[in-house]
Amino acid sequence: MFPQAADWVRSMTTFAFALLFLASVAGYLLNLRAARQLQGSGARLHSLAGFHGGFSFLVVLVPGFIVLILWLLLQGAVINALVLRSLPPGTTDGLDPGAVQLIVAEIRQIAGGRIFGTPEQWKIDAAARLTALRDTSATLMVVVVGVMSAVLLILSRMRVSPDFRARQGTEAIVNGLMIFCSTVAIFTTIGIIASLVVETWRFFGMVPWYDFLFGLRWEPQMPIRADQIAAVGAFGWVPVFVGTLVITVVAMTVAVPVGLFSAIYLNEFASPRFRAVAKPLLEILAGVPTVVYGFFAVLVIAPALRDFGVWSGLPIASNTALAAGSVTGVMLIPFISSFADDTLSAVPRALRDGALALGATRGETVITVLFPAAIPGIVGGILLAVSRAIGETMIVVMAAGLIAKLTINPLDSVTTVTVQIVTLLIGDTAFDSPKTLAAFALGLMLFVVTLGINVLALRIVRKYREIYD
Amino acid sequence: MADATQTGIGPRPVDWTSEEIGARVRRRKASEMRLKMVGLAAIGFAFLMLAILMVSLIATGWQAMTQTHVRIDVTYDPALINEANPARSNFRQMLQNSLVAQVPGATAEDGRALLGILSNAAQFTMRDRLLADPSLVGRTVTLNVPASDPYDLLNKGLIDHETPEELRRVKDNEIAFFGALAAQGRVTKPLNTTLLTSADSRFPELAGLRGALTGSFYALLTCFLLSFPIGIGAAIYLEEFAPKNKASDFIEVNINNLAAVPSVVFGLLGLAVFLNWLGLPRSAPFVGGMVLALMTLPTIIIATRAALKAVPASIREAALGVGASRQQVVFHHVVPLAMPGILTGTIIGLAQALGQTAPLLLIGMNAFVTAAPATPFDPATALPTQIFIWADSPERGFVSRTSAAILVLLGFLVLMNGLAIFLRNKFERKW
Amino acid sequence: MNDMRIAERTVGTNAAKISARGVQVYYGETHALKDVDVDILDRTVTAFIGPSGCGKSTFLRCLNRMNDTVAIARVEGTILLDGQDIYDKRIDPVQLRAKVGMVFQKPNPFPKSIYDNVAYGPKIHGLTRNKGELDEIVESSLRKAALWNEVKGRLNDPGTGLSGGQQQRLCIARAVATSPEVLLMDEPCSALDPIATAQVEELIDELRENYAVVIVTHSMQQAARVSQRTAFFHLGNLVEYGETGQIFTNPKDTRTESYITGRIG
């Protein structure tokens, strides 16, 4: 009895967008024709006829589009609230927000035609109300958009006159649109910070912040019963962070020497032919998605390390930090090498010539003159690579461990911040358990740490560029 | 050079021909050679890793290019047909009986083992045939169905016969039955078209990438539709119109920092804002595309600004000189000239988005869905998350399929990057 | 050209330090230098003059094989230093460059301390056995470059912190520190103000007592002031080579005359 309703909402939504678009085109054509007629009657227009059309097009389209998007984004929350309020008294009294959410989810399921078992009658009634509200909302949306378009269409048509500065009007709207586009980056940052901080705040309401920051145990097992909340799980992030550092150190041990020596060779010794082949090949290494590296670590590197452990008698754990770390390192080789290559190339030729003219070999030139001159830039690049290693997710999710163990032994199995975020949030998530919210607290720490490193690195790199520009 | 000591009049005369200097130069040359060798070894190491990566993927992936099929004759036994609801007939028993009859030396007790040779799909194929043609009751038809995963591996020689029987997934007698079927010419190994035409399945022999490919397509489409106009708009504004003030600086710093935010943080953003606060559907490619768009935006903005910057000022001045407004200059002259660079940057950004996994995992695009999504709002997986799911699956047959899926993903990436390079080379202008 | 002082001439008594025969240089397809024959005399300042792109700097860079560092450059012909072909396979450019020092157009001190800049050459060539000797070399080189009094109190400050003229003299000190036999200077004063230029010119005159100095210059006045012999290059050809006084007062080639009187270039 319900699925048709979804169809109604869907076709109404499509209709609303189509209506808006058609109205905008109509506005364009109407104003264009009006302007042309004015021209035909000998009037000298301030702006070209096309601008009159464009003005109307934008005046109709932009507000309508904003209303539509906001409507679609917000209607869910409004309808939920209305349905909740209409529930018979006593059904939600004394329930915590999580349980209420569950009820809403069940009502939505029923409305979607997926009925499990035999729900109470009041839930079925609520589902019917939900469906009705959705239909009303969709219809109302079309009406609002239609009326708005018509009004704007008429208003913009009335503006057509020889003195109307349609070009300025159009350009002002376009300018506004472009400013909005520029601010999307800011909204994204705000969104990231807001979501992380809000959820972390809620997390600290359940688990004290000092337990999180200084606790040495990380055991986020889901409590089985509601009254166990925060009684069982331990949320000290120190072992997780130490694990992240262990893997980062392993990765850097691979990536920094290999990357730097590759860069030195490519910059100083390689023939142009070799360079032309080698650089794109290294770039391939940078373009491989991390999930592929993760599979590579599981398929090839981890078994090889295990076999080596058996052969040599070293106590290498089955998902040792070495596997995930070294593969992360391989991923970062091209990053470091191309950064170092660029930085070495940016050292002025005069310095290189100066050293060579004194009789230094190429090797001495690069080690004693170019490299020291490039050090700030290279350090900045390495810091950026460190921030990438810390934020790297898929390789560690697939190849590192899940159990947080406070150790700095790279042969052992460790877990990382990103691994914990993903494992805590994979599968169904309820936004009221410390387990889910802990992931956001970890995310906030990850964001703060990587942002700090990035800002520092970019500052160093910029300083370096200023010296030689 | 006997007079070298007389004419060399630095602070201290030096005999450049002396044995001491000669030995030192040889030492210096040797150390330079060592540096060169270390550099070459470093590059060699990187290439070796790339080679091992590719070889291991291809070596395991090509196994998934074919799929063992078994041809058997099955009888629609009227005794086992459910008259009232033919779809609920006992197809398992019919298959079992037919197999026992056709495998030499097999008895009724072996029926269960024999049934294991065939994929689960066999019964559904039988059912569908019957529903399509009810007159099949009582008749015998030839079915060509996929073999189940262990037998597929057996047929490809991936099961070590030396392993003790109790540790092997196929026992000695089962190997013998399969051998008997093969001897009758009933076992074939055609191209594995399922890999591209089917969606996910719990059974490796039935699993395919269609759902993941569709999901990735919808996600990338959403990503493109959002990030391309917004990115270009932002870049044009920042490069051409924005006043040089604190606000513009702030936006710029913001964009640069966003480019370096770990991908998993974008996943958290999507989960908290899009799913939890706005109540958008979970696992939907549309939401995945929105998250990817936010991640791709900095790439597109940075590339577009570089392309705009490369257009020489003389063109702007020329257009301004004939009385065009600043917007007309930008949209009529500068942007068209910068388009190849913008497109190149966009394609590279989309290629990066195609490989993103972590943010999609967090918004639930690792759902187990056995059908391709019909719209961008239906639950789906994407190519990289499908790879993650398969890599995590215990069935051995998924190992080769994971590699094959990776090869498909890498194929798309090569295509996209190739297109970007082609565009760059074809339209690159030197001013 | 009335302010032109013609330097005192002591020409003809010294032996040839460098003799070039039939030198050709190609940059890719471009024939940058055509068939140049020159003898550079010891303890003499030789100036190379000519319009931009005439090949004078190119020829200078042949003399210490700096053209080797340009991938597309190709040098033909013979250049003898003390009778030995410097393009011989057995000659190591590293050692050659220690013997033939070079000072560049733009001062290019390394981003190191003043002391380390001067000590760089002696260090890499292993010219000293202990710190005392190195200190001595640094001091005498800085004195030779007339910079000692200005920097002796701050030898550990970065060389990049000096003024332009000081930087260039630091680069001269750096070149002198390896005890070269020939000093090549590629427009050493073009980035300097007149006072610094005068200081460097004075220095060049002093260096002549010990070195064969070759200086490329744009300024004919400078060539006339500091050099004893002058070579005029035009379009990759060595047009005329002789005593500075003769080149400036009585050129044999009409092209030289046109250049000197300002009609070409």
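Guide: Leu153(A) sits in helix H4 of chain A, residues 121-158; helices here are DSSP runs of H or I with at least four residues, strands are runs of E with at least two, and both are numbered from the N terminus. The model is predicted, so local features need pLDDT of at least 70 and side-chain atom pairs count only at pLDDT 80 or more, while totals for chains, interfaces and linings use all residues. Residues are numbered from 1 along each chain as its sequence is written, chains are lettered from A and ligands numbered from 1 in the order in which they are written, and side-chain values use heavy atoms, with hydrogens and water left out.

Setting aside neighbours within four places in sequence, Leu153(A) has contacts with Ala23(A), Ala26(A), Gly27(A), Leu30(A), Ser56(A) and Val60(A), where contact means heavy atoms within 4.5 Å. Thr183(A) is 30 residues from Leu153(A) along the chain, and their C-alpha atoms are 28 Å apart.

Chain A is split into domain 1 (2-164), domain 2 (165-199) and domain 3 (234-468), with bounds from an automatic or database domain assignment. Over C-alpha atoms, the centres of domain 2 and domain 3 of chain A are separated by 34 Å. Six residues from domain 2 of chain A and six residues from domain 3 of chain A form the contact. About 550 Å² is buried between these two domains of chain A, 83% of it from carbon and sulfur atoms; buried area is the accessible area (1.4 Å probe) that two parts lose on being put together, summed over both.

Elsewhere in chain A, helix H9 (residues 290-312) packs against helix H10 (residues 321-346) at an angle of about 130°, with the axes 9 Å apart. Axes are lines fitted to C-alpha atoms, for helices over the stretch in contact, and angles run from 0 to 180 degrees between N-to-C directions. H9(A) is therefore oblique to H10(A): angles under 35 degrees count as roughly parallel, over 145 as roughly antiparallel, 65 to 115 as roughly perpendicular and the rest as oblique. Residues of H9(A) in this contact include Tyr293(A), Phe296(A) and Leu305(A), and those of H10(A) include Leu322(A), Val327(A) and Met331(A).

In chain B, the centres of domain 1 and domain 2 are 46 Å apart over C-alpha atoms. Nine residues of domain 1 of chain B touch six residues of domain 2 of chain B, and the area buried between them is about 600 Å², with carbon and sulfur atoms giving 50%.
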